[in-house]
Amino acid sequence: MIGRRDGALMRNNSSNQSLLKSRIAIAIVIGMFLGCIFAFFFPHGIFSSNSPHFDHNHLTRSISQVVSTSCESSDSLNMLKAEFVAASEKNAELKKQVNVLIEKLRLAEQGKDHAEKQVLVLGEPHKAGPFGTVHGLRTNPTVVPDDSVNPRLANILEKIAVGKELIVALANSNVKDMLEVWFKSIQKVGIPNYLVVALDDEIAKFCESNDVPVYKRDPDKGIDSVGKTGGNHAVSGLKFHILREFLQLGYSVLLSDVDIVYLQNPFHYLYRDSDVESMSDGHNNMTAYGYNDVFDEPAMGWARYAHTMRIWVYNSGFFYIRPTIPSIELLDRVANRLSHGNAWDQAVFNEELFFPSHPGYDGLYASRRTMDFYLFMNSKVLFKTVRKNANLRKIKPVIVHINYHPDKLPRMQAVVEFYVNGKQDALSSFPDGSE
Ligand SMILES: *[C@@H]1O[C@H](CO)[C@@H](O)[C@H](O)[C@H]1NC(C)=O
């Protein structure tokens, strides 16, 4: 890993040096070129003044000479005037040309910089293939694992992970009952690669006594005090800190809240082509996958319709994240913003994922994929739509997330009754929303 880093650094240095050399060479060539132009148009020099008044002064001196000799006709005066006008025009034209040249040079240099950085990241430059055959990068390379970040966790993950991936949930005693439904559903499906990050001793013991793989953080990691007493949002901030280590160790994580029931093995339903693959808070094709929402402003007349891009947020309680640089940058950005204010982690997570670069802000550009909203089902989809539709009732989701309802435990139990035990009326007693 160190060798690789050094290699990248060296390439970087040598490319910087060659860039510097080529810049100097370009500057010399441009200098000579401009020198020739100026020598041609202004054999007597132009740099004594940059302002147009220069020609005027010159002319005034000439005129006073003319007048003092008092033997020149008005023809000479007119000739001088014409010369003055022509010189001014040439001066302005030349200035314009120089500005265009400088601008072209700046653009060329800037483009070259970007292109060189791009090549450093992506390897050899390519020609574009034929129409319809080109595809941009969405599967970023994984980071080189660094076990020194947390050797104890590295040890645990080596035993638990399957194909370098696993389900991870954070839990403290406040969510003990839900955690039990959560891991029982995972055990029933037969998913081996999952881990509970215990935020207090009670949960750690509870997991051990139930044969649930558990990881307790070192007490000296200060931020963990949040986990013991913290409410939902405080724990959410902690989760992005903790996740970082998993990615640094080279593992893909399916981050899971505990208000989720597992009905199939989610690892059989992932695409793994994006930095972040997430379940949606959307409830149909449009809201989950994106649509063009037309905003109407009649006062604008001919241009009354403004088109807007809309998508329901990704659910930050259930997403698969690959160990890549953009993924780790996402975690850092979210953790950083959550530590500086009382923001909702799901809103911050989505803003970082979706907002483009703009003045004063560099966007993230992690690649994203929305999970199938029937397979990775939120509780609005289940209680508002699916349970009322004979065909949709036959679909067996991979997971159901009780994210839209506060009475989480009874709804989780009802989901188990309906999908696992086949009790057809298990979902009937609940209202669509909360009351
Ligand atoms: C939603 O999209 C899927 C394909 O992604 C399509 O098969 C289905 O017909 C669409 N449903 C509606 C109601 O448009």
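This note goes through a predicted model point by point, from its confidence to its sheets, helices and cores.

1. Basis of the note. Residues are numbered from 1 along each chain as its sequence is written, and side-chain values use heavy atoms, with hydrogens and water left out. Because the model is predicted, local features need a pLDDT of at least 70 and side-chain atom pairs count only at pLDDT 80 or more, while totals for chains, interfaces and linings use all residues.

2. Confidence. The pLDDT (the predictor's confidence in each residue, from 0 to 100) averages 84 over the chain, and 75% of the residues score at least 70. Over residues 1-17 the pLDDT stays under 50, and the model has six contacts for them beyond four places in sequence, a contact being heavy atoms within 4.5 Å. Residues 45-71 also have a pLDDT below 50, with 19 contacts in the model beyond near neighbours in sequence.

3. Overall make-up. The secondary structure of the chain comes to 13 helices and 12 strands, where helices (H or I, at least four residues) and strands (E, at least two) are DSSP runs numbered from the N terminus. Of the 435 residues, 39% count as buried, where buried means under 20% relative accessible area, exposed over 50%, and partly exposed in between, with a 1.4 Å probe and protein chains only. Among contacts between residues at least 6 apart in sequence, 72% join residues at least 24 apart.

4. The seven-stranded sheet. An open sheet with mixed pairing has the strand order β3-β2-β1-β4-β9-β6-β10, two strands being paired if DSSP finds at least two bridges between them. Its edge strands, each pairing on one side only, are β3 (214-216) and β10 (368-370), and the twist averages 30° from one strand to the next. Angles here run from 0 to 180 degrees between N-to-C directions, with axes fitted to C-alpha atoms and, for helices, over the stretch in contact. Helix α4 (residues 151-160) packs on this sheet, touching β1 (165-171), β2 (194-198) and β3, and its direction makes about 150° with that of β2.

5. Strand β9 and its partners. Eight of the eight residues of β9 are buried, so this strand is largely enclosed by the rest of the structure. On one hand, β9 (residues 314-321) is joined to β6 (residues 276-280) by four bridges in an antiparallel run; in this pairing Val 276 has Ile 321 as its bridge partner, and Ser 280 has Tyr 314. On the other, β4 (residues 252-256) and β9 pair in the antiparallel sense over four bridges, with Leu 255 standing opposite Phe 319.

6. The three-stranded sheet. A second open sheet to examine has the order β5-β12-β11, again with mixed pairing. The edge strands, each pairing on one side only, are β5 (260-262) and β11 (376-378), and neighbouring strands are turned by 15° against each other on average, direction ignored. Strands β11 and β12 run parallel and are joined by three bridges, with Val 400 in β12 as the bridge partner of Met 377. Helix α13 (residues 408-420) lies across β5, β11 and β12, running at about 20° to β5.

7. His 401. This residue lies in strand β12 (residues 399-401), and it counts as buried because its relative accessibility is 1%. His 401 and Val 261 are 140 residues apart in sequence, yet their C-alpha atoms are 6.5 Å apart in space. Nonpolar cores. A nonpolar core is a set of buried Ala, Val, Leu, Ile, Met, Phe, Trp, Tyr and Cys residues joined through side-chain atoms within 4.5 Å. The largest has 53 residues, and those with the most contacts inside it are Ile 167, Leu 179, Trp 182, Tyr 262, Phe 318, Leu 382 and Tyr 419. Helix α5 (residues 176-189) gives the most to this core, with six residues. Apart from this core lies another, of 39 residues, among them Tyr 251, Leu 255, Ile 321 and Ala 366. Trp 182 touches, among others, Ile 167, Tyr 194, Asp 257, Tyr 262 and Met 412, not counting residues up to four places away in sequence.

8. Helix α10. This helix (residues 325-339) has 15 residues and reaches 21 Å from its first C-alpha to its last, close to the 21 Å expected at 1.5 Å a residue; the expected span is 1.5 Å times one less than the number of residues. Its buried residues include Pro 326, Ile 328, Leu 331, Arg 333 and Leu 338.
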